[in-house]
Amino acid sequence: MGLTQLLAKRLETSGPVRVGLVGAGKFGSMFLTQIPTTPGIEVTVIADLDPQRARHACATVGWDEDRVARTRYTDDSASLISAPDVEVVVEATGNPVVGVSHACAAFREGKHLVMVNVEADVLVGPWLAREAASAGVVYSMAYGDQPALTCELVDWARSCGFEVAAAGKGTKYLPAYHGSTPSTVWDHYGLTA
């Protein structure tokens, strides 16, 4: 059963997955863009340092006035995380320290967490995954984001019986980087081995 069928089943049996978004900047707004066309997911509350900016982001990405009006906006992430109408917290602040704090608070509240904050995951992702498992909740990267897709490719390769020696994403797509090797990569970043 794929994601579309799972969301449809959830919508039919229990209503939409109720999400709280922390951080309505670039990546948060990318997520918000998908909400009006994704049946089975509802954003109930958005926490941002500037709630008016978050409200404006929703209007900018195409939310109609009704959806904007029925969503709560706050600058208090703790109230979002503890809200009874939030099942899943989407952490999209981009601040690793804050992201880890939000993740731990979500786990204490028994909330699932989607970590869009790659910086936090790079810092302590495996530990956060263990903490979530101990709390009986899900810790996930954002599907479609490059780290999550890399993990999916690694999982696919291993399930096919391949040994994965390395995986990752390069940060620069210039033709000069195509021939880079571990021994030449340093110069591209102004570093020495």
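How do the residues of the lining of the second largest pocket divide into nonpolar, polar and charged? In this predicted model, the lining of that pocket consists of five nonpolar, five polar and three charged residues. The second largest pocket holds about 220 Å³ of space. Its lining comprises 13 residues, and those nearest the pocket centre are V22, D48, L49, T93 and H102.

The largest pocket has a volume of about 1200 Å³. It is lined by 36 residues, among which F31, Q34, V114, A142 and Y143 are the closest to its centre. Both helices and strands contribute two or more residues to this lining: the helices are α1 (3-14), α2 (26-34), α7 (118-135) and α8 (146-159), and the strands are β1 (17-22), β4 (88-91), β5 (112-115) and β6 (139-141). The greatest contribution is that of α2, which supplies five residues to the lining of the largest pocket. By residue class, the lining of the largest pocket contains 22 nonpolar, ten polar and four charged residues.

With regard to overall organisation, the protein is divided into two parts, with domain 1 spanning residues 15-142 and domain 2 spanning residues 147-188. The centres of domain 1 and domain 2, taken over C-alpha atoms, are separated by 29 Å.

Key:
Residues are numbered from 1 along each chain as its sequence is written. This is a predicted model: local features need pLDDT of at least 70, side-chain atom pairs count only at pLDDT 80 or more; totals for chains, interfaces and linings use all residues. Side-chain values use heavy atoms; hydrogens and water are left out. Domain bounds come from an automatic or database domain assignment. On a 1 Å grid over the protein atoms alone, a cavity is a set of points where a 1.4 Å probe fits but cannot get out, and a pocket is an open set with protein on both sides within 12 Å along at least five of seven lines; lining residues have an atom within 4 Å of a point. Grid points are joined across faces, edges and corners, and a volume is the space filled by probe spheres set on the points. Helices (H or I, at least four residues) and strands (E, at least two) are DSSP runs, numbered from the N terminus. Ala, Val, Leu, Ile, Met, Phe, Trp, Tyr, Cys and Pro count as nonpolar, Asp, Glu, Lys and Arg as charged, and the others, Gly among them, as polar.
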